[in-house]
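Let's take a walk through this model together, from the chain as a whole down to a few side chains. Have the sequence to hand as you read.

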Amino acid sequence: MAADKSPKVSLNPTALLVSIVLGVIILILLVSWVKIHPFVSIMIAALITGIGSGFGLMSTVQAFLDGFGDTTKSVGILVGIGAMLGAVLMITGATGVLVDVLVSKSSRKMLPWTMALIGSLIGLPLFFDVGLIIMAPVIIMVTKKSKMPLMMIAMPALSGLCAMQALVPPHPGPTAALQAFSNGSMGLTMGMGILLAIPLVIICGPLFAKYATKIVPGGAPDTFAMADRIGNEYEGRKPSFILSLFCVAMPAILLLVTSIVMMIKPELRKSDAIGAQILQFIGNPEVALLISLVFSVLVLFATTRFPWEKLNAEAGKALGPIAGIVFILGAGGGFKNLLIDTGIGDMITEFVRNTDISILLVAWVIAVFVRVATGSSTVSAITTAGILAPTAEALAYNQIQIGLVVLAIGAGSFIFSFVNDAGLWLVKEYFGFTLPEMFKTWTVMTCLISFIGLVLVYCLGLVLM
């Protein structure tokens, strides 16, 4: 039984707890005050934690390196392929087709709801920064054409991007958190994340936009250079709406279908039959994303006749900007592995066992603390998952319980976007808001995503467990 496993080492609990608190504080100071890159900051914090706890010099280094390697070989592939898929969808016009069709079919009254749907669809395969770059000119153009307040168009779209970033793999935060748990299911967690994202986007998007419009009643800014270039990336044939939608949703479809089949027939997980092996193969997250990437490249090339050399070149360029993310995730994985080896999980496990506090609330609170302090949802997610992974293993959590913990972490990791969050500055500069306007709208929206997300996770847990 997982719950009967003994810790790898026996350290002084007081020294261990003090060293972990010290390590997290140093991590926060290095990232938010000294402005050192999170990759280096996490490494320094991990070494201080391990050495300070009495774990040993070389034992600390080895535990960190083992965790770094284990994380980058899985999460790195997911993030890399996800970035390439997003680039292919963007440059071939697939994302543009989705936007154009959905906007053209909407009435003025339905535009905020349509923008929420577009933000969610674009946010499903794309990271927030890339999704914002794509969506910003569209938001401006739709606002100008409809002559509606900017907040009625922008907030619904941004809520869709944010909800997907917070709750749905293969985004870095939830993916890294999921990979920290030995019994996690990518497809199941993705399905639950998308399910929760629907009411979350409705509340924090079109409904919240009515409040945000009272704070910022103005329309689109007068100048926005990217708006003039939207849709001009490729002047050739465009893919159909159905094909574009299928390419965007294909990773989710593959993972969800295989996860559902495995849940209905769990014996297939250990079967050597060729059909079961194929199902397990397709249901592997790395393989599912790779299949989606290859399918999208070939089909979109055949449909649009986009230059093959340029298509491959642009897909390759997408790997450059996410290299920093991969190193941060790797360092977070190293920190996680060190925390597991030092035995911190046993302390938290006993705390959860001996109190009435839900681990979902514990996960959310830890994620909130790290997020507010560092400004990074990814650092928050992977740090929290590393702390709680031994507890989930010791308590023998099933895939549904682990998925709920990951979603609680994701919700907590997105709270209170402030001046230490790069996302706040991106939104501010793209749409020309003032800082007070950002605090009263964008920051409030991220807090709503976090609080409502936690409530939804609890409700889903009551239904499923």
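In the protein chain, 81% of the contacts with a separation of 6 or more are between residues 24 or more positions apart; contact here means heavy atoms within 4.5 Å. Please keep in mind that this is a predicted model, where local features need pLDDT of at least 70, side-chain atom pairs count only at pLDDT 80 or more, and totals for chains, interfaces and linings use all residues. Residues are numbered from 1 along each chain as its sequence is written, and side-chain values use heavy atoms, with hydrogens and water left out.

**The chain as a whole**

The protein chain has 21 helices and zero strands. Both are DSSP runs numbered from the N terminus, with at least four residues (H or I) for a helix and at least two (E) for a strand. The chain has 465 residues, and 56% of them count as buried. Buried means under 20% relative accessible area, exposed means over 50%, and partly exposed is in between (1.4 Å probe, protein chains only).

**Aromatic rings**

How many aromatic pairs does a search of the whole structure find? There are eight. Rings of Phe, Tyr and Trp (its six-membered ring) pair if their centres lie within 6.5 Å; planes under 30 degrees apart count as stacked, over 60 as edge-to-face and the rest as tilted. Two of the pairs are set out here.

| Pair | Centre to centre | Angle between planes | Class |
|---|---|---|---|
| Phe68 and Phe327 | 6.3 Å | 45° | tilted |
| Phe208 and Tyr211 | 5.3 Å | 45° | tilted |

Phe327 is partly exposed, because its relative accessibility is 43%. Ring pairs also join Phe39, Phe64, Phe68 and Phe327 into a cluster.

Phe208 and Tyr211 both belong to helix H10 (residues 186-215); they are three residues apart, so about one helical turn separates them. Phe208 has a relative accessible area of 7% and is therefore buried, whereas Tyr211, at 37%, is partly exposed.

**An arginine over a ring**

Arg305 lies over the face of Phe301, 5.8 Å from the ring centre. For such a call, NZ of Lys or CZ of Arg must be within 6 Å of the ring centre and within 35 degrees of the ring normal. Where does Arg305 lie in the chain? Arg305 is in the loop between helix H13 (285-304) and helix H14 (308-317). Although Arg305 is not a glycine, its phi is positive, at about 60°. Its relative accessibility is 52%, so Arg305 counts as exposed.

Ser41, in helix H2 (residues 38-52), is buried because its relative accessible area is 0%. Not counting residues up to four places away in sequence, Ser41 touches Leu27, Leu30, Val31 and Ile36.

Ser380, in helix H18 (residues 377-394), is likewise buried, with a relative accessible area of 0%. Leaving aside neighbours within four places in sequence, Ser380 is in contact with Ala367, Val370, Arg371 and Ser413. Ser380 and Val368 are twelve residues apart in sequence, with 7.5 Å from C-alpha to C-alpha.
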